[in-house]
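Trainee: Could you walk me through reading a sheet and a helix? I would like the general idea before each case.

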Amino acid sequence: MNYYSKLLPDLLSHSNGAIGRHLNIKNRPLNDYLKQLLSSSLGDKNCLMGDVVFEPTFGWQTAIPTLDDLIDDLLDPELIKAMDMSNGEINQDYRFPKSSRPYVHQQEAWRLLSQKIAQSVVVTSGTGSGKTECFLIPILSDLISQQRQLNQPLEGVQALLIYPLNALIASQRERLDAWTRRFGSDVRFCLYNRTLPYWGITEKSNQVLDRNSLWESPPPILVTNATMLEYMLLRKTDESILSMSKGKLKYIVLDEAHSYLGAKAAELTLLLRRVMLAFGVTSEQVRFIATSATLGGTESEKQLQQFLAAVSGLPLNRVHVVKGSRYIPKLDRGNLQYRQATYQELQTLDKDKLYKALSANQIAIFLRNQFIKENNITQPKTLLSLHQVLSSHLHEPITIFDTLQWIDLLSYAKSKEGQAFLPLRMHVFHSILNGVWACINPNCVLKHNTLSAQKWPFGSIYLCQRNFCDCGEPVFEVRPCFHCNGQVKQETISGSLS
């Protein structure tokens, strides 16, 4: 039950210990002061760990129809079979049973992308909400339907998936392999970055594994980054990819769209114009898809819509925002016996009884409601803000540790169906300590009492670089002596204290 209340102090202790070992300062007065400084608790002014953020992670709203119900209407039946396969050949992490219900935002994205007149979509939703499925499933459904009608392998790039990092490109390999393996060489994909070899060592019918194979027969799905795309437009060796894909490009996917800011966005806009010219298509013929985990309300959604319209050259009415929404289960009346119960009383309950007790408890409901805005929209909260409102609600002083124990209790309790009373994800931020700086004035009026009592021969200590102390004297960096690793002396020639 004690998860966050144990984890956070442990993280702080370990990180502070690592900082102390890295600084390697043996001078006793300075070392004692730094230990005191670094031992600050969560929420203290000098604590190097920033304010912790808790994000509610209630499940996403699911649609009514199953995948099986969407056959022929939105999705190709052969794709449904491929995603439903449960034999040992397919990674079970990517199994999508035909009886499962997609999220509402996934179904909405599929509906928009399957329209005959090309529509573009911005998918904005949290981590783990299936943003990749929003675009990959309709793309594969379209390609599989085409292949069945043509009755021959597809050749030429129809879908460009552009990722900002090579690690993100590599993360799509297993998913694409699982869902296209059933179709062999009929529906292929290629991960095109600088690591792609010129000659293939192994063969895989559904994946292009070397550049020569890519040049000879470009697959319908090309996963790449902006740099490789730039090279592809310039290099003679890549010319065959463009010539064999003329007029075929139908999808351009921009993953992590929020990473394109300022000059990056302008460069991307120009790059996409050149891409469409090289592939022989216009923006009206292409379905642009952008994904972003950044959520900031209506204004943020408008900015994402305007971003995709700007980089694609499309009017705003052709760009649609699809937003994932959490499903927040309503609490029943619970066990009214525990309406006024304290933490000490609640934490002794069995797990089976705890959820019912919290569902009636005033403090538990109050804390849960801090994460829920109007219209069932969730919002993250910082640890300090939760501590302040809880202290005010209880009308008594409590510690940060007390607040963490309440958070532990609420996230630990689960209903019979396995739904947590308050499911949370924690985001921890830590300051970077690049060194220690000291005022050279031994009589500095700002020197801490700990340093004065131990006869520290210099002035005030700073944990960030500066040229002058607030007392007006110069400030230099503190470094260990190379000879004794402990004695402190002033070296004005090098501009440092060692």
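Mentor: Gladly! Strands of a sheet pair through backbone hydrogen bonds, either parallel or antiparallel. Here, three strands form an open sheet in the order β10-β1-β11, with antiparallel pairing. Strands are DSSP runs of E with at least two residues, helices are runs of H or I with at least four, and both are numbered from the N terminus. Two strands pair if DSSP finds at least two bridges between them.

Mentor: Before going on, this is a predicted model: local features need pLDDT of at least 70, side-chain atom pairs count only at pLDDT 80 or more, and totals for chains, interfaces and linings use all residues. Residues are numbered from 1 along each chain as its sequence is written, and side-chain values use heavy atoms, leaving out hydrogens and water.

Trainee: Which are the edge strands?

Mentor: β10 (381–382) and β11 (424–427), since each pairs on one side only. Strand β1 (residues 53–56) is joined to β11 by 4 bridges, and Val53 stands opposite His427 in β11.

Trainee: Which residues are buried in helix α15?

Mentor: Buried means under 20% relative accessible area, exposed over 50%, and partly exposed in between (1.4 Å probe, protein chains only). In α15 (residues 362–369), Ile363, Ala364, Leu367 and Arg368 are buried. They lie on the same side of α15 because they cover an arc of only 135° around the axis, taken from the directions from the helix axis to the C-beta atoms.

Trainee: What do the buried residues of α15 pack against?

Mentor: Their partners are α14 (351–360), α16 (383–394) and α17 (400–412), where contact means heavy atoms within 4.5 Å.
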